[in-house]
Amino acid sequence: MELLEKRIIQDACILPGNVLKVDSFLNHQMDVDFLCQLGEEFYRLFSDCGVNKILTIEASGIAIAAIVATAFDNCPVVFAKKTESLNVDGAVYSSKVTSFTKKRTYDVFVSQKYLNPEDHVLIIDDFLAVGSALNGLIDIVNQSGATV
């Protein structure tokens with residue numbers, strides 16, 4: 001992840017409240033070539049883990065996870081939703097997640113038809129602040145019986 005570290009040093013800044021601002025290349029404007037390189041690095045690190053699903057949370061994680069998925073032979077990307085929707089039917093796995101940057105708690109959910117005990121899940125998101133999103137996604141994976 002030296003690539004990411006160099007890019008943070010080059011282009012990021014720290015805002016009040018210890019918020020790392022990476023919007024010029026990651027979560028507002030995306031450098032797709034850079035993200036493809038990150039995807040290859042994730043593949044190098046986790047290719048021996050049997051990854052067959054990538055899990056993220058809306059919204060900033062979706063594009064990043066989709067690009068990483070291309071390095072894993074286009075395995076499916078599942079994303080936890082923060083709001084209820086008419087297009088999600090049936091049973092769901094859910095967990096509470098507090099957004100560090102929005103200072104708001106969400107009930108996030110994933111349809112049970114998209115995660116199952118046979119899955120080996122790689123969790124991808126834009127940035128880890130205090131771990132709430134990560135812990136919520138791990139909780140959802142555990143509810144499904146899948147492996148992180």
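Phe25 is buried, its relative accessible area being 0%. The model is a predicted one. The partner of Phe25 is Phe34, and the two rings form an edge-to-face pair, with 5.5 Å between centres and 85° between planes. Phe34 is buried as well, at a relative accessible area of 4%.

A search of the whole structure gives three aromatic pairs. Another of them joins Tyr43 and Phe72: the ring centres are 5.1 Å apart and the planes stand at 70°, so this pair too is edge-to-face. Because Tyr43 belongs to helix H3 and Phe72 to the loop between helix H4 (60-71) and strand E4 (77-80), the pair ties together parts 29 residues apart in sequence. Tyr43 is partly exposed at 34% relative accessibility, whereas Phe72 is buried at 7%.

Helix H3 (residues 32-46) also packs against helix H1 (residues 2-11), with an angle of about 150° and axes 9 Å apart. At that angle H1 is roughly antiparallel to H3, because angles over 145 degrees count as such. On the H1 side the contact is made by Leu3, Leu4 and Arg7, and on the H3 side by Phe34, Gln37 and Leu38. By class, these are four nonpolar residues, one polar and one charged.

How many disulfides does a search of the whole structure find? The search finds zero. The sulfur of Cys75 lies 12 Å from the closest cysteine sulfur, that of Cys49, which is too far for a bond, because a disulfide requires sulfur atoms within 2.5 Å. Cys49 is partly exposed, with a relative accessible area of 40%, while Cys75 is buried at 11%.

Terms used:
Residues numbered from 1 in each chain as written. Predicted model: local features only at pLDDT ≥ 70, side-chain atom pairs only at ≥ 80, totals over all residues. Heavy atoms only, no water. Axes fitted to C-alpha atoms, helices over the stretch in contact; angles between N-to-C directions. Helix = DSSP H or I, 4+ residues; strand = E, 2+ residues; numbered from the N terminus. Parallel < 35°, antiparallel > 145°, perpendicular 65-115°, else oblique. Contact = heavy atoms within 4.5 Å. Nonpolar A, V, L, I, M, F, W, Y, C, P; charged D, E, K, R; others polar. Buried < 20%, exposed > 50% of the residue type's maximum accessible area, 1.4 Å probe, protein only. Phe/Tyr/Trp six-rings, centres within 6.5 Å; stacked < 30°, edge-to-face > 60°.
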